[in-house]
2 protein chains.
Amino acid sequence: MTGGYSITELSQEFDVTPRTLRFYEDRGLLAPARRGTTRIYSDRDYTRLKLTLRGTRLGFSLEECKEIMDMYDPSRRLNSRQLLRLCAKIREHRNALLAKLRDIEATLDAMDEVERKCLDTLLSEPA
Amino acid sequence: MTGGYSITELSQEFDVTPRTLRFYEDRGLLAPARRGTTRIYSDRDYTRLKLTLRGTRLGFSLEECKEIMDMYDPSRRLNSRQLLRLCAKIREHRNALLAKLRDIEATLDAMDEVERKCLDTLLSEPA
DNA sequence: TGCTAAGTTGACGTTAACGTCAACTATAGA
DNA sequence: TCTATAGTTGACGTTAACGTCAACTTAGCA
């Protein structure tokens with residue numbers, strides 16, 4: 001336990017604005033406790049925020065991030081049917097990620113080639 | 001040479017709407033020739049579209065895609081200063097891609113663990 | 001207890017990336 | 001030559017993901 005984070009603490013930690021954290025709460029991605037009216041973010045909020053930002057960096061929508069995190073949530077007890085559905089979802093998400101991975105590798109390869117040509121030209125040129 | 005693609009041919013090939021292609025042209029990503037008023041897309045347009053879609057899938061903006069493609073354009077002759085700038089840009093983009101790659105790997109690892117727990121629970125349960 | 005800094009809730013604004021008409025125009029085949 | 005089909009140009013609409021006030025309220029501390 002950390003005693004919780006204030007909204008500015010958490011926003012500075014992840015380099016986002018407080019507005020973003022309130023917006024994420026509005027969309028159901030975060031669910032901070034309250035002391036009076038003031039928000040107190042838990043470790044759970046911390047990791048959900050981390051996952052959310054990781055997801056958006058990869059081009060997933062907030063809605064998709066929420067869906068994934070809600071399914072993966074370890075605090076929920078799932079029955080067999082739900083567990084099977086979760087496994088299916090995982091495969092789906094994994095495939096999406098692997099597709100992105102291939103996109104990245106293709107781009108990296110292309111960049112390597114451009115760089116090589118670039119250096120070749122530089123080295124074969126007069127000073 | 002392929003003789004060029006019509007707007008619907010190209011849009012169907014990549015599963016986007018004609019509107020998207022016109023929009024990309026407006027933003028300087030594509031530059032189709034014209035027969036009368038009708039657009040004719042070249043192989044260059046084809047590959048620029050492919051790269052654009054690949055970029056957006058990875059979360060890059062159209063502006064970033066354009067910047068990268070314009071720099072990498074092999075039809076331009078660059079002097080040493082420009083070549084060095086290009087090399088620097090390549091390193092920059094490569095770092096961005098490697099960061100995304102790490103994000104993906106972290107997510108894949110997390111998903112593997114959830115799946116493992118998921119299967120464990122399923123297998124240890126009564127029918 | 002009074003003040004400053006931090007936090008809160010609306011409400012409206014903004015930007016990117018298209019979608020969706022509407023109103024023409026051009027082109028190819030019968 | 002006529003007509004159906006594909007294409008064109010505006011212009012306005014939409015959605016996601018926040019930004020930006022404004023107007024209060026709260027909380028810690030000298």
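**Symmetry, interface and DNA**

Modeller: Chain B can be laid on chain A by a turn of 180° and a shift of 0.0 Å along the axis, with an RMSD of 0.0 Å. The two copies are thus related as by a two-fold rotation axis. Please note that this is a predicted model.

Colleague: Which C-alpha of chain B is nearest the axis?

Modeller: In general, two copies of a chain are related by a rotation about an axis and a shift along it. In chain B, the C-alpha nearest the axis belongs to B:Gly59, at 2.2 Å from it. The same surface serves both copies, as 100% of the contact residues of chain B recur in chain A.

Colleague: What area is buried between chain B and chain A?

Modeller: The size of an interface is often given as the accessible area lost when the parts come together. Between chain B and chain A, about 3,300 Å² is buried, and carbon and sulfur atoms give 71% of this area. Of the area that chain B buries against chain A, 17% is supplied by B:Arg94, B:Ile104 and B:Met111, more than by any other three residues. In terms of contacts, 33 residues of chain B meet 33 residues of chain A.

Colleague: How many salt bridges does the rule find across this interface?

Modeller: The rule finds 6 salt bridges across the interface of chain B and chain A. One of them joins B:Arg94 to A:Asp112, with the closest N and O atoms 2.4 Å apart. There are also 8 residue pairs in polar contact between the two chains.

Colleague: Which element gives the largest share of the side of chain B that touches chain A?

Modeller: That element is α5(B), with 26 residues. The residues of this side of chain B divide into 19 nonpolar, 5 polar and 9 charged.

Colleague: How many residues surround DNA strand C?

Modeller: DNA strand C is surrounded by 15 residues, the closest being A:Thr8, A:Arg39, B:Thr17, B:Arg19 and B:Tyr24. Of the atoms of DNA strand C that come within 4 Å of the protein, sugar and phosphate account for 67%.

Colleague: Which phosphate distances may I examine?

Modeller: An N or O atom in the side chain of A:Thr8 is 2.8 Å from a phosphate oxygen of DNA strand C.

Colleague: Which element gives the largest share of the surface near DNA strand C?

Modeller: The largest share, 4 residues, comes from α2(B). The residues of this surface divide into 4 nonpolar, 7 polar and 4 charged.

Notes
Residues are numbered from 1 along each chain as its sequence is written. Chains are lettered from A and ligands numbered from 1 in the order in which they are written. This is a predicted model: local features need pLDDT of at least 70, side-chain atom pairs count only at pLDDT 80 or more; totals for chains, interfaces and linings use all residues. Side-chain values use heavy atoms; hydrogens and water are left out. Copies are superposed by least squares on the C-alpha atoms of residues with pLDDT of at least 70 in both. Contact means heavy atoms within 4.5 Å. Buried area is the accessible area (1.4 Å probe) that two parts lose on being put together, summed over both. A salt bridge is a side-chain nitrogen of Lys or Arg within 4 Å of a carboxyl oxygen of Asp or Glu. A polar contact is a pair of N or O atoms within 3.5 Å; within protein, one must be able to donate a hydrogen and the other to accept it, and residues adjacent in sequence count only if both atoms are side-chain atoms. Helices (H or I, at least four residues) and strands (E, at least two) are DSSP runs, numbered from the N terminus. Ala, Val, Leu, Ile, Met, Phe, Trp, Tyr, Cys and Pro count as nonpolar, Asp, Glu, Lys and Arg as charged, and the others, Gly among them, as polar. A residue is near a molecule or strand if one of its heavy atoms lies within 4 Å of it.
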